[in-house]
Amino acid sequence: MSDIAVSGAVSGRHDLRDALDLLSEQVADEILHAEPVHPDTHLPAALVQPLVRANLAEILAALAGEPSSLGPARETGRVTAAEGMPLDLLQHAYRLAGLRIWEELARRLRSRTDTTALLRASSRVWFAIDRSSNVAVRTHLESSAGLSENMARTELLRGVLTGAVHDLETARRALGLPADVMLVVAVTAPGMPAVPAAPAPDRGVAEPPGPTVRWLTHEGARLTLVAAHTSENTYNALTGLAAHTRTGASRPFTRLADAPAALVEARTAVRSLPLGRVGLARYGDRPLDALLVADGERAAELATTVLSGLRDRDPRDEELLLATVEAWFEHGGSGTRAAAALHCHRNTVLNRLARVADLTGRDINDPRAAAELYTAVRALRLQGEPA
């Protein structure tokens, strides 16, 4: 059989692309149920199945004489590196694919008696497999090297923020942080979409002028370290992030040794944001709220003691009275402005405040009682805020 005939066996009526679904299912199943050298390195089916199908589709197209971009192989290398899959398992996956393709091709060509033609067909199959496998392995190695560097920097930053790193000058240089600048630590609460920011660049690569930003994910929250020449520039660097998230920022500091204390401030600041509100809270902007979240147990006791008369009522009535108290404080003790904000009459506001006085024993017109009411309501609102 000539080379043209072999090609025809693949690209003509024996085109294996009509078996793509079957082959993809077989190969993915074998990969997912294989016994790896390292039991914890299995990839999830949601990753394996689309990668297998994309690779097989390109390999079968290449066997049919169509051009190949090798994009699926590169993507496989990147994904498997990110998932920590060893190279031997990656290569084994491609061998499984080659074996299934060859078995299907041999089954279709079994009526052929030309051994030379079958060997040529085998050569074409394994050439295509090796080509994709080599690209995937090379990409895997390149990605793993980059991941290793980024992981090392991430762990270094984690150590700086938690106080585990003591050689801070070496850490500063390794993280690419300029000297003699203002620093700020920020915490973005978990469960909120985060605006991506680039991790530390390769050492020796010049950065454009402006704030230097380093970040990592720790215990579900995003921790960010910002370095800039002025305090305001450090906060400005967080503007885009805080536009979509609940973010708390520490006070500016200059010594990297103060980063762990700044992390505590940033955690306190993000918890002091009003319930459900996104934005940037600077430590010190809400000193009373910071005090309440710093000692959540005592704050909860305060709320229970002062507001117990309200908590025994229907939840809707309780919320109505609490919202009225908040509106009264928010508008400087003006019943008229509070009524406008609540879309009710001024007398309604005054009547509700009188009910609050009856239920709590605290008249909002008494400065000390008003302070206790305000603090208790804030303590209640801040309960359960993410740290």
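**View 1. The largest pocket of the predicted model.** The largest pocket holds about 360 Å³ of space, a volume being the space filled by probe spheres set on grid points joined across faces, edges and corners. On a 1 Å grid over the protein atoms alone, a pocket is an open set of points where a 1.4 Å probe fits, with protein on both sides within 12 Å along at least five of seven lines. This is a predicted model, in which local features need pLDDT of at least 70, side-chain atom pairs count only at pLDDT 80 or more, and totals for chains, interfaces and linings use all residues. Residues are numbered from 1 along each chain as its sequence is written, and side-chain values use heavy atoms, without hydrogens and water.

**View 2. The lining of the largest pocket.** Eleven residues line the largest pocket, and P274, R277, E326, E330 and R378 lie nearest its centre; lining residues have an atom within 4 Å of a point. Helices α13 (315-330) and α16 (367-382) each contribute at least two lining residues, helices being DSSP runs (H or I) of at least four residues, numbered from the N terminus.

View 3. D289 is placed in helix α11 (residues 287-294). Because its relative accessibility is 5%, D289 counts as buried (under 20% relative accessible area, 1.4 Å probe, protein chains only). Leaving out residues up to four places away in sequence, D289 touches S272, R378 and L382, where contact means heavy atoms within 4.5 Å. The side chains of D289 and R378 make a polar contact at 2.9 Å, that is, a pair of N or O atoms within 3.5 Å, one able to donate a hydrogen and the other to accept it.

How values were computed:
Buried means under 20% relative accessible area, exposed over 50%, partly exposed in between (1.4 Å probe, protein chains only).
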